[in-house]
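User: Could we go through some of the helix packing in this model?

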Amino acid sequence: MGMSAEQEANSRSPRDGEWPEAEKAEKLARGAALKWASGVFYRPDKLEGLGHYRSREAQRNSSIQSRLKSTVQSHLEGVSAGLEQLRSAAGDVRSVRRDLCAVRWHLLGSAEGFQRLALLRAVVMEHAQLAAVVRALPQLSSVPELLAQSLRLLHGQQLLEAHAGLMALERLREDITSQLHGSSSLPSDQALAVVESFFAGLQELSDALAQQLWRIVGGGVRLVREDPALFVSAVRIIEREESMDDALLLGPHAHRFPTPGRPKAWRQRFYQVMQETIAAAHFKAAHVDVKGPGLRRHLATLQSDILVELRVVKDLMVQCCPPHYDILSICTRMYHQGLSDHLQDILSRDLDKQEIFLLLSWVLHVYQGPEMMGHPDLLPEVDVSTLGPLLSPEVVEQMERKYVGKVKASVTEWMRRTLEVEFKEWFREEEPEMDHLGFFQSALPVIVMQMLDENIRVASLVTDSLQQKVYAMAMDELEAFLISLREALGECGKEHQKDRSTPKHYISYLLALLNNNMALSSSISTLHPGSASRAKPAEIPSSLQTALDRAQKKACRLLLEELLLDLQPLYVQLPSRKWLSGAQLVNSMCEVLDKYMRDFSHVRNPVFTFLLAESEHLVMNHYVRALMEKKVVCRSAEERTQLSTRLLQDASQLRELFHNLGLAESEQTLEVIFALQELICLQDPALLSLEVLGFMTRYPDISDEHVSILLDLRGDVSKEVRNVVLEMMAQNPQSLPENYQPIFSNILVPAPELPFCLRKSKCA
């Protein structure tokens with residue numbers, strides 16, 4: 001065990017040379033030890049404990065070496081045991097190899113013997129099949145009897161017993177087929193064909209039972225009230241078949257070999273038959289009359305029948321079906337989907353507006369309301385809100401647009417006929433009717449507003465969006481009607497120009513039209529949806545207001561043109577010597593105006609005030625226009641005085657007339673005649689420039705041509721004074737103030753007369 005110092009040095013040298021890291025580690029350890037020792041024994045008094053430290057370190061080294069030796073020893077023992085086990089395993093492998101080689105040689109020698117057993121194998125297989133047939137012979141002999149008995153039970157409505165016989169026959173067929181498959185891995189096709197031919201009547205029995213079941217399921221709603229036992233038997237049979245299908249597809253013998261006629265999926269067929277029955281009973285639109293009253297009757301029938309049948313399903317059929325059938329929800333979905341498809345088919349036809357309205361109202365209000373799917377007898381189990389809308393929002397929007405189009409065509413045609421009747425009324429021999437205040441009127445605004453209001457109110461019974469669409473359509477149609485009315489006024493005016501005796505009561509009907517126009521304007525705001533709840537009337541669309549204003553202006557213009565036609569013969573006579581000599585002309589003018597104003601009093605304010613103001617402006621305009629014709633030139637101061645006096649008297653008389661009729665003097669434009677009178681009566685022509693300047697300040701739209709004519713009218717203005725006045729006007733241009741009512745800009749100045757020219761010569 002021990003080693004000398006020389007042996008240790010000899011053994012360490014190669015290792016040190018072979019492992020330089022060990023030498024490096026030893027040097028580091030020695031350096032660390034020296035560093036520790038120098039730190040501990042750097043004082044002389046610490047050297048006394050050197051022996052103690054030496055003994056402690058020696059003990060620790062001895063303990064470490066002991067642990068190392070025991071660890072190395074245990075590892076060496078484990079390695080020895082492992083080597084021994086490897087030697088034993090190698091021997092076992094060699095033994096097994098020798099045995100396998102022997103078996104291989106034995107099998108190669110017996111191969112010909114196995115081939116001679118093929119005939120025996122075929123005999124054994126045939127024997128197994130014959131044994132299976134022999135075992136099944138007692139049952140096979142009863143198959144025809146079982147088939148006949150099951151058919152008799154089926155015809156006698158004994159469904160459960162008939163199905164029990166069917167199940168017994170199917171189990172027998174399955175057992176035989178299973179034995180055939182169990183006797184060998186692959187039975188012959190001939191054997192399987194024999195089994196199938198023997199049980200051929202089984203499929204006929206199954207089909208007959210299925211037909212009977214589907215007849216019962218198709219009449220389920222009736223049977224659960226009259227004979228629920230028959231319906232329950234059908235459901236039980238369907239569940240038995242569903243269980244066998246599940247066992248075939250999901251059981252431990254699933255997919256072992258195919259079973260004829262499986263899976264039957266009779267539960268799925270149960271739902272399909274119910275859906276087909278519902279569709280055939282209610283939703284076959286081929287024989288449904290959807291025109292006019294027929295659609296209303298059809299929807300009423302659907303409402304009552306579906307409600308009654310869902311009550312039966314909820315109260316009776318639910319008790320006849322297993323809970324997992326969820327029969328009430330399934331039936332509700334079938335009715336909902338079938339009705340949705342049925343309504344889509346009806347909507348695809350060419351429906352009129354009443355039929356579209358009836359369908360939309362029924363779908364959006366009746367169907368989900370308490371009269372049908374929201375009936376207390378169905379709640380809370382039936383909730384059609386979870387099934388989605390009966391018609392999609394896109395279809396509803398499309399039908400609303402179609403409805404609006406139909407209503408628009410009807411309104412357009414109706415308004416056309418109304419306008420034709422109104423146009424004929426204008427040519428009647430009688431005056432239009434009056435209200436209790438003496439204002440002319442006709443039934444036109446009442447008829448128009450009543451028709452539009454009725455369509456808007458009917459649309460509000462469906463949806464707010466439809467009401468808004470119909471309201472917008474009504475505004476457009478009313479605007480088009482007013483445009484046509486204005487055109488009809490123009491035609492009537494042309495007829496009257498050809499013969500003023502036609503229409504006989506031309507003015508009266510124009511006044512009635514103005515009153516009608518105001519009645520329409522005041523009633524339009526009531527057509528707006530929600531107008532009853534508004535604090536103030538709704539605003540009239542700008543385009544419609546424009547049409548109202550243009551119709552009113554057209555009628556007023558025709559009235560003023562009629563007034564002008566009666567005044568025109570009087571204006572032709574002024575200025576003239578006859579006019580200067582007396583007041584007969586202005587008296588005649590006042591008589592004509594008074595007559596027309598009495599007629600105009602049959603129109604309501606503010607149109608009467610407008611006509612009064614426009615009449616006054618017309619009188620002033622044509623009076624001044626007549627003065628501009630230069631038919632009279634004053635030849636002396638006396639004639640200027642006479643002209644001035646005539647102007648003053650005429651203007652005063654006309655002003656008083658219009659004031660008495662209700663037009664305030666501040667609103668009259670006759671003041672311009674007074675201003676012209678002052679310009680005429682001025683004594684000193686040298687002051688004309690100042691007078692004209694003041695005149696320009698009051699009437700900035702007067703031009704130098706107008707002033708020149710007025711200066712010519714005086715007859716005493718020299719060329720120098722004229723030039724001074726015109727130069728002053730050029731130096732003091734005037735701008736029109738805001739809201740200024742034009743006067744002279746509407747009065748055309750006559751073109752100056754050209755000098756006489758010889759032929760083929762040029763005028764200077």
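**Helix packing**

Analyst: Helices α16 and α17 cross in a right-handed manner (right-handed if the near helix is turned clockwise from the far one by less than a right angle, left-handed if anticlockwise). Helices here are DSSP runs of H or I with at least four residues, numbered from the N terminus. This is a predicted model, in which local features need pLDDT of at least 70, side-chain atom pairs count only at pLDDT 80 or more, and totals for chains, interfaces and linings use all residues. Residues are numbered from 1 along each chain as its sequence is written, and side-chain values use heavy atoms, without hydrogens and water.

User: At what angle do α16 and α17 pack?

Analyst: The angle is about 160°, with the axes 7 Å apart; axes are lines fitted to C-alpha atoms over the stretch in contact, and angles run from 0 to 180 degrees between N-to-C directions. The two helices are therefore roughly antiparallel (over 145 degrees; under 35 counts as roughly parallel).

User: And α17 with α19, what is the angle there?

Analyst: Helix α17 (residues 464-498) packs on α19 (residues 542-571) at about 15°, with axes 8 Å apart. That makes α17 roughly parallel to α19. Their crossing is left-handed.

User: Changing topic, why is α26 largely enclosed?

Analyst: Eight of its 11 residues (704-714) are buried, so the rest of the structure largely encloses α26; buried means under 20% relative accessible area with a 1.4 Å probe, protein chains only. Among the buried residues are His706 and Arg714.

User: Which helices cover the buried residues of α26?

Analyst: The cover includes α22, α23, α24, α25 and α27.

Notes:
Buried means under 20% relative accessible area, exposed over 50%, partly exposed in between (1.4 Å probe, protein chains only). Contact means heavy atoms within 4.5 Å. Angles under 35 degrees count as roughly parallel, over 145 as roughly antiparallel, 65 to 115 as roughly perpendicular and the rest as oblique.
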